[in-house]
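Dear colleague, please find below a note on the structure under review. The points are numbered and may be read alongside the model.

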Amino acid sequence: MAIHRLQNYIDGKWTADGVVNYAAVINPATGVNIAEVPLSPGNEVDKAVVAAKQAQKEWALVPAPLRAEMLYRVGYLLKERKEKIAQLLTQENGKVIEEARGEVQEGIDMAFYMAGEGRRLFGQTTPSELKDKFAMSVRAPVGVVGIITPWNFPIAIATWKSFPAIVAGNAVVWKPATETPLMAKELAQIFEEAGLPKGVLNVVFGSGSIVGEAMVDHPDIRVISFTGSNEVGRKIASACGQNLKKVSLEMGGKNAVIVMEDADIELAVEGILWSAFGTSGQRCTACSRVIVHEKVKEQLEARLLAEMERLTIGNGLDEKIKVGPIINQTSLQKIKNYVDIGEAEGAKLLVGGKILNEGDYAKGYFFAPTLFTDVKANMRIAQEEIFGPVVSLIPVRSFEEAIAVNNGVSFGLSSSIFTRDVNRVFTAQRDLDTGIVYVNAGTTGAEIHLPFGGTKGTGNGHRDSGLAALDVFTEWKSIYIDYSGKLQRAQIDV
Ligand code: UN1
């Protein structure tokens, strides 16, 4: 069977122009090559920007409620195709089908939420200090925006970025991750069917070092919104700094669940399992540290071990499977290296710690859910993002120490605390230095109508999702209308 070759989507046309090289798209559960993705040269970005620039002028003139109507249609199409898209998502990304459905649902939610904003897009009126003068500020589109999205949430994160950008009147040039191009194809097709004018959304497949860099350096792309690794994010930030380009970065976490001595232990175990091993730990929000009060440490360890043994690992298309594969060989090896580092640092490996390569596992990239205990807060496995199913249990003696350990990492995306003490609940929500805090729930499961992002090394102060997303994709414009009939000088004629 011929392998399906994907094409770029530029100015409303699917095109292979200019593309010489392709990369294989591999189903990480089976090792089967399911498609080929273009590795475009940088000048395809230029073509996309020319189309986007032209289209944006017209698109910005369409009243926002009508732009939103198109987005409602996108939402309904996503809803109609939810199952088909989820099946494809599991095949290219590996996440289990239940989670794939959940991810498509995030996109549907985002469509309806942002479409609603098309009838708001509130500005502000503000009294002028002068008589007979009207002052207001409105959100104006920025122009052409560049979005760079990762493989771990290939459809949800694309919707978090493209929907607010488009409803606000921008045009988009999008570089999806090369591991997960099928989601980009599905979404672009849906936009097309929903009636988005040509050129408003353009997809250029390719590598970060060529397509990504061309976007970051392009003078007509005014905003870059990126989700991905810390290393790449920092490079983008410095290039954007040089080019005085607005940039929004979301670069992961080292998220912890705190379990206090008064916690509902069974609930905490469920929360940890879901957040640590869902998506095989390949979420920015994944729980990779458990900070546990020493009084309940043994109890928690025993319960976690018992439940981890019951986790089914395999091809996520099978509804019974709870933990799917790792995205590729490089990630698999990186996770294994961290396990070796943990052991060398003196952490105690309780279970897992190995690549699974027997029988059917050998065809894909599988890693056994892993639990370390007696981990010290400053060990590398407790400080660095592993992006895999590896959890470090760190014992502490008090609530204050738990908060300090949670905050003692360079990331600040998500955190969670299990406790029944109401005073600790309120103190924790204030003192946990992360952009997202959960009480009596794991570290994952953010909802799209709240801001998503974090403090410190997680980002640069911007947020995806929620109303905050509009701040990334709009400029505030302040407008003064003088109806006094004379020249009034602010600060002087008052
Ligand atoms: C990510 O891993 O980058 O909160 C996104 C969650 C999901 C999104 C994760 N709603 O875990």
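1. The protein is divided into domain 1, residues 8-251 together with 459-478, and domain 2, residues 255-439; these bounds come from an automatic or database domain assignment. The model is a predicted one, in which local features need pLDDT of at least 70 and side-chain atom pairs count only at pLDDT 80 or more, while totals for chains, interfaces and linings use all residues. Residues are numbered from 1 along each chain as its sequence is written.

2. The centres of domain 1 and domain 2, taken over C-alpha atoms, are separated by 31 Å. Across the boundary, 15 residues of domain 1 are in contact with 19 residues of domain 2, contact being defined as C-beta atoms, placed from the backbone, that lie within 7 Å. Helix H3 (82-93) and helix H4 (97-117) are the elements that give two or more residues to the side of domain 1 that touches domain 2. Helices (H or I, at least four residues) and strands (E, at least two) are DSSP runs, numbered from the N terminus. By class, that side of domain 1 has five nonpolar, six polar and four charged residues. Here Ala, Val, Leu, Ile, Met, Phe, Trp, Tyr, Cys and Pro count as nonpolar, Asp, Glu, Lys and Arg as charged, and the others, Gly among them, as polar.

3. The unreviewed UniProt entry carries the annotation "domain: Aldehyde dehydrogenase" over residues 21-479. UniProt positions are given in the numbering used here, feature names are shortened, and annotations may be inferred rather than shown by experiment. Over residues 21-479 the chain is 41% helix and 22% strand, with the end C-alpha atoms 49 Å apart.

4. Which residue does the UniProt annotation "active site" cover? In the unreviewed entry it covers Glu250, a residue found in strand S11 (residues 246-250). Glu250 is buried, because 27 other C-beta atoms lie within 10 Å; a residue is buried if 20 or more other C-beta atoms, placed from the backbone, lie within 10 Å of its own, exposed if 12 or fewer, and partly exposed in between. Leaving aside residues up to four places away in sequence, Glu250 touches Thr227, Cys284, Gly453, Thr458, Gly459 and Asp464.

5. An open sheet of seven strands has the order S14-S17-S18-S13-S12-S20-S21, with mixed pairing; two strands pair if DSSP finds at least two bridges between them. Strand S14 (348-351) and strand S21 (436-439) stand at the edges with a single partner strand each, so one side of each is left without a neighbour in the sheet.

6. Why is strand S12 (residues 255-259) largely enclosed by the rest of the structure? Five of its five residues are buried, so S12 is largely enclosed. S12 runs parallel to strand S13 (residues 287-293), to which five bridges join it; Val257 has Val290 of S13 as its bridge partner.

7. Three strands form another open sheet, in the order S5-S6-S23, with antiparallel pairing. Its edge strands are S5 (124-127) and S23 (474-482), each pairing on one side only. Strand S6 (residues 133-141) pairs with S23 over nine bridges, and Ala135 has Tyr480 of S23 as its bridge partner.

Technical notes. Contact = placed C-beta atoms within 7 Å.
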